[in-house]
There are 2 protein chains.
Amino acid sequence: MEAPLSAGPGTPTRTPAADPDAPGELSGRPLPDLVDAVERALRTFFTTRRPLVRDLGPVFEEAAAALEHFVLRGGKRTRPAFAWTGWLGAGGDPAAPEAAAVLTACAALELVQACALIHDDIIDSSRTRRGYPTVHVDYERRHRDRGWAGESEHFGVGAGILIGDLALAWADDMVHAAGLRPDQLARFAEVWAGMRTEVLGGQLLDISGVAGADESVAAALRINRYKTAAYTVERPLHLGAAIADADPELIAAYRTFGTDIGIAFQLRDDLLGVFGDPAVTGKPSGDDLREGKRTVLLAAALERADATNPAAAALLREGIGTDLSQDQVERLRGVLIELGAVHEVERRITELTDRGLAAMQASSAAPAAKQRLRAMALAATRRAA
Amino acid sequence: MEAPLSAGPGTPTRTPAADPDAPGELSGRPLPDLVDAVERALRTFFTTRRPLVRDLGPVFEEAAAALEHFVLRGGKRTRPAFAWTGWLGAGGDPAAPEAAAVLTACAALELVQACALIHDDIIDSSRTRRGYPTVHVDYERRHRDRGWAGESEHFGVGAGILIGDLALAWADDMVHAAGLRPDQLARFAEVWAGMRTEVLGGQLLDISGVAGADESVAAALRINRYKTAAYTVERPLHLGAAIADADPELIAAYRTFGTDIGIAFQLRDDLLGVFGDPAVTGKPSGDDLREGKRTVLLAAALERADATNPAAAALLREGIGTDLSQDQVERLRGVLIELGAVHEVERRITELTDRGLAAMQASSAAPAAKQRLRAMALAATRRAA
């Protein structure tokens, strides 16, 4: 099923293994060689920072090491994979001398993601990620273990903010040091700018939506568009296309595919957040209902309930975002199904996936890249975890 | 006394007015035309972001507007002034067509500074800045006023983190969109990378120093080096030199000047934080003692007291960082003077200033820039507020 794409510059293609990663990341089964190549590029970049880091002394060396561990500890490297595949699809040649520079620029997306995750974990008050303490919690513990003055929790948040900032700054530095030609860099920078503004905007919409409880389907779709689709699929593909100087038609096809598949992925994720098997998703069953996440699923249910079933609407509004028992979760699940909201979301996923795949199919992308993107899209929108 | 430098591309020089700004910012009396030109460049950049911001909807438009107000509400534009003067001193011609691009790249430093201040205010739990609520407090209030769900304080912190991130990302975007030539941009980017890592490193050292109470003079000097000197003077001058492709000797002279004057400025600031007249500094008298700031002044006093006067050492360690009465502040001031710490810091300021000025004097910098930098250095290290 996997497309025979070369996964990294000059590396042979292997059959990918099953994906053991935590849920919540969009990907087809990743190409292990590409994952390796991305991690090598990141490791090389961290090595180039060492002299500067050493000048700043041991406290900063510890912080840079914390960031390096965070970035290299795992992840599917989804965004670099889309960017790299976007470049290949637009005619990029993995055997060309410039391929290493392109791969490094694509790998820098992982540092933007590191900032997003580190800061998000502070914003969401998350204590663990992928089985490890989050960065701010790690620093909270260091503070406590060393018996330092002041409040450990506040210190941890401060350190987490600064380490996230460092990741964001280093993402740019990695792009600049990648070795792209000036014309490639100029095209890349414009898309990169759009992407970062969109993801930060999406996060702001998200926290404002949760707090302000905008219940509309439109609001939930807008968050999906910017926080997930643009940032995870659309703009990474666009970045690859920009490096390759792709024609506007291919870029338009990539962006349609990226937006549609990215949103469909998020809708699938929302369904799994309510109906997923905890043994497969790794999250407690019904967790999204307890967290009060403003999903399209919930918005669709509320719109339907308000029109036809005020008792169901009240039940949803009273229960969502509270510490629900397993029985209550079961009951709300039943309500979501009976209202037709689950059916509506499934229909949207199908429509978006079909439209995205059709746009890609009709495009001028290289056949191998098309196949790979199709496989990634299907894995992301049909997955059970 | 002011050097007859053209302050902005193609703008005539005016005699600068007295500086009405809050303390804590290094500057000679700023050139008003340069301040105007920097603000025009920032305003233009914000205008270019509008279409993207509008796409993201009203919640994000509000956040972008909050950032724009924060950046344009005031400030001496110290870092752009040093960068611009560094460029002029290295042969940059303010009448050349490229001057507008150079000024825009220099002005982008204000967006890095916006991120630093917005995130610092969260880390320091500061509620006001320049008489306005800090960004996270502003968002805390919006949350409360709108009766949104969740904890207002936590929401404010989340919004502040994201708006600071946006400033950091936009700083880069502004550099990329400035219109520098590829060779200028490549040289600029390397120094820019060093500067951002240094300021984030300096902030991390600072919070770790306060929490871990590293009492050494060396630790305090290291924080001054990176958090203040490199970020405020040395690297901005270096950025200007890099755009102009200055020779290594001039860059070395700029860096010596920048480090020495930057640290001397911070030492003066530390003295004012303990001995400054509240009517002039705008801060409560002795504020740094109450906050427990790990200054060179305090470190020098503790080193001296440990060697000669254990009672004074105990008095300092018991008092620093506590809610001191005005009498206690007076008493600690007397101890700092008696121990010779004030004298030592004054001596350091003189030595650093002399060395920095000598390096600049002996350099190949353009005479008008030398004069201007000398005036900025003296204003920064001799000031009363």
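So, A:Asp121: at 2% relative accessibility it counts as buried, where buried means under 20% relative accessible area, exposed over 50%, and partly exposed in between, using a 1.4 Å probe and protein chains only. A:Asp121 forms a salt bridge with A:Arg129, with the closest N and O atoms 2.8 Å apart. By salt bridge I mean a side-chain nitrogen of Lys or Arg within 4 Å of a carboxyl oxygen of Asp or Glu. A:Arg129 itself is partly exposed, at 24%.

Quick housekeeping. This is a predicted model, so local features need pLDDT of at least 70 and side-chain atom pairs count only at pLDDT 80 or more, while totals for chains, interfaces and linings use all residues. Residues are numbered from 1 along each chain as its sequence is written, chains are lettered from A and ligands numbered from 1 in the order in which they are written, and side-chain values use heavy atoms, with hydrogens and water left out.

On confidence: pLDDT is the predictor's confidence in each residue, from 0 to 100. Chain A has a mean of 89, and 91% of its residues reach 70 or more. Helices here are DSSP runs of H or I, at least four residues, numbered from the N terminus. Be careful with residues 1-28 of chain A, where pLDDT stays under 50.

Back to salt bridges. Over all chains, the search finds 66 of them. A:Arg187 pairs with A:Asp245 at 3.6 Å between the closest N and O atoms. That one links distant parts of the chain, 58 residues apart: A:Arg187 is in helix H8, and A:Asp245 is in the loop between H9 and helix H10 (248-275). In chain B, B:Arg255 and B:Glu234 meet in a salt bridge at 2.7 Å, N to O. B:Arg255 sits in helix H10 and B:Glu234 in helix H9 of chain B, 21 residues apart. B:Glu234 is buried at 1%, whereas B:Arg255 is partly exposed at 26%.

Now the interface. What does the contact take from each chain? It takes 52 residues from chain A and 54 residues from chain B, with contact meaning heavy atoms within 4.5 Å. The two chains bury about 4600 Å² between them, 73% of it on carbon and sulfur atoms; that is accessible area (1.4 Å probe) lost on being put together, summed over both. In chain A, A:Leu56, A:Leu162 and A:Leu204 lose the most area to chain B, together 14% of what that side buries.

Four salt bridges cross this interface. One pair to look at is A:Arg196 with B:Asp172, with the closest N and O atoms 4.0 Å apart. Both belong to a network of salt bridges that also links A:Arg49, A:Asp172, A:Asp173, B:Arg49, B:Asp173 and B:Arg196.

A:Ser152 lies in helix H7 (residues 152-176) and is buried at 12%. Its side chain makes a 2.8 Å polar contact with that of A:His143; a polar contact is a pair of N or O atoms within 3.5 Å, and within protein one must be able to donate a hydrogen and the other to accept it, with residues adjacent in sequence counting only if both atoms are side-chain atoms. Over in chain B, B:Trp148 is in the loop between helix H6 (135-145) and helix H7 (152-176). Leaving aside neighbours within four places in sequence, B:Trp148 is in contact with A:Ser208, A:Ala211, A:Gly212, B:His143 and B:Phe155.

Note on methods: Helices (H or I, at least four residues) and strands (E, at least two) are DSSP runs, numbered from the N terminus.
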